[in-house]
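Let's take a friendly walk through the strands, helices and chain contacts of this model. Have a look at it first.

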Amino acid sequence: MAIEKQVVRYGPLKDFIAQGVRVGDTIHLSGQVSVDAAGATVAPGDIVGQVKQAYANVAEVLGHFGATLDNVVAETWFVTDIPAMMKQGRAVFAARTEAYGGPPDTAQTLIQISALFQPDLLIEIQCVARV
Amino acid sequence: MAIEKQVVRYGPLKDFIAQGVRVGDTIHLSGQVSVDAAGATVAPGDIVGQVKQAYANVAEVLGHFGATLDNVVAETWFVTDIPAMMKQGRAVFAARTEAYGGPPDTAQTLIQISALFQPDLLIEIQCVARV
Amino acid sequence: MAIEKQVVRYGPLKDFIAQGVRVGDTIHLSGQVSVDAAGATVAPGDIVGQVKQAYANVAEVLGHFGATLDNVVAETWFVTDIPAMMKQGRAVFAARTEAYGGPPDTAQTLIQISALFQPDLLIEIQCVARV
C-alpha cells in the first residue's frame, strides 16, 4: 500500500536514518541526543546541558515540518542514570519546561537503560508529534 | 501548527507530565507504574500486584477520555527482571488478561531495562490507544 | 468507545499477544525478534543474522495487513550490546538496507537494554507503520 511520507533527513547520520517522518497528521521523530550538527557530543557529563541540546534537536527536526514542541504529544526519556539525574531534578525539569515554553502538555515515559549509542550520552528523547 | 489537544493531568506528578494526551482519535499515555493516587508504591517486590496496579492506573487514565482497555492497540512493558517475572509468568499474564477482560487485542513489546524512576518499581507499561 | 481493530495473531505466542493491530491507517507491531515460526531462536550469537530474521518477521506481520516495510514510519531498536553490534556495524546496516530494499525512510531510536525475553536474543525491533 503506497503512502505519502514527508521525510526529513540531514546531518551525519542522514544515510542511515530519517530524523523525522510525517504521514498525514502524525510525525515520528528519531530519538534525539545531545549532539551538534557535526555529530559531536554537547555537554558530556552534564545532564542538564544534554537535556537542553536534545530538545534543541527535537525542535530543529520539528521545524523542518513547520511544527514546534507544542505539537509533541508523547515523549520517552531513555536515561542512563536516573538517580544521578534526579540529584539535579529541579534543573533538569526546568530545562524541559523552558524548552517547551511552559509546562508541557505531553505524555511521558521515563526509563533507565544500559547505554546509548555513544558512551558519553546520558539521555535520548523519542517524540511523537501531531500536526 | 496549532492542534487541539485533550490533556489529562492529575496526581502527584501533574506539574511535570500529562497522564494522557489525545489528539483526534489517538491517545498517548504516560508510562504507568504501580503507585496509588498519593504516589506511594503498591505491592513492592510483588510483580503480580504491580501488574494489577499498573493496569488499574492505565484504566483510570483512559477513563478520563471515556475509553477503556479495549481501546489499547499497543503496549510496551519495561520490566526490571524478566527471568524473575517469568517464574510467575502464569499469574502475571492472568492478571493482564483479567485487566483486559479477556485475551487482549494489543501488540506488545517486552524489554528488560536497568531501572525505573523509583527503585521499588518492577514494571512500567506504556500504552497507545485509539478511540 | 468501540473501535474497529484488525488484529493479526499467530505463532507460539498467539494466546498472549497480537503480532500487529491496525486501526484506521496505523499499524502497531509487537516487538519482533530473531525467532522462527516455531519460536526457536535463529542465529544465536550472530547480530547480523538476528537483524535479518527480525526484519523477516516484521515483513511477515506487515504482509498479513497487505503492507510492506515501505509502510514503516518509525522503528525502535532495543539492542543488548551496542558496542559489539557496532563492531559489525557495516554488515548490520547493510542487512537493514537490504530488508528495506534501499535506505529506509523511517525514524529510528537505538537503545541498549539489559536483556530481552530470551537470553540468546540480541535485538528486538518495534515498528509503527502507516497504510
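Predicted model: local features only at pLDDT ≥ 70, side-chain atom pairs only at ≥ 80, totals over all residues.

Residues are numbered from 1 along each chain as its sequence is written, and chains are lettered from A and ligands numbered from 1 in the order in which they are written.

**The sheet of chain C**

Helices (H or I, at least four residues) and strands (E, at least two) are DSSP runs, numbered from the N terminus. In chain C, 6 strands make an open sheet with mixed pairing, in the order β1-β2-β3-β6-β4-β5. Two strands pair here if DSSP finds at least two bridges between them. At the edges sit β1 (6-8) and β5 of chain C, each pairing on one side only. From one strand to the next, the twist averages 10 degrees; such angles run from 0 to 180 degrees between N-to-C directions, with axes as lines fitted to C-alpha atoms, for helices over the stretch in contact.

| Strand pair | Sense | Bridges |
|---|---|---|
| β3(C) and β6(C) | antiparallel | 3 bridges |
| β4(C) and β6(C) | antiparallel | 7 bridges |
| β4(C) and β5(C) | parallel | 6 bridges |

Ala74(C) in turn stands opposite Ala107(C) in β5(C).

How many residues of β4(C) are buried? The count is 8 of the 8, so β4(C) is largely enclosed by the rest of the structure. Buried means that 20 or more other C-beta atoms, placed from the backbone, lie within 10 Å of the residue's own.

**Helix packing in chain C**

Helix α1(C) lies across β1, β2 (20-23), β3 and β6 of chain C, and runs at about 30 degrees to β6(C). This helix (residues 47-64) also packs with helix α3 (residues 89-100) of chain C, at an angle of about 20 degrees and with the axes 9 Å apart. That makes α1(C) roughly parallel to α3(C), a label for angles under 35 degrees. On the α1(C) side, the contact is made by Ile47(C), Val48(C), Val51(C), Lys52(C) and Tyr55(C), and on the α3(C) side by Ala91(C), Val92(C), Ala95(C), Arg96(C) and Ala99(C). Residues are in contact if their C-beta atoms, placed from the backbone, lie within 7 Å. By class, this helix contact has 8 nonpolar, no polar and 2 charged residues. Ala, Val, Leu, Ile, Met, Phe, Trp, Tyr, Cys and Pro count as nonpolar, Asp, Glu, Lys and Arg as charged, and the others, Gly among them, as polar.

Turning to chain B, 22 of its residues are in contact with 24 residues of chain C. The elements giving two or more residues to the chain B side are β4 (72-79), β5 (107-112) and β6 (123-130) of chain B. Here β5(B) gives the most, with 6 residues, and the chain B side divides into 12 nonpolar, 7 polar and 3 charged residues.

Key
Parallel < 35°, antiparallel > 145°, perpendicular 65-115°, else oblique. Contact = placed C-beta atoms within 7 Å. Buried ≥ 20, exposed ≤ 12 C-beta atoms within 10 Å, placed from the backbone.
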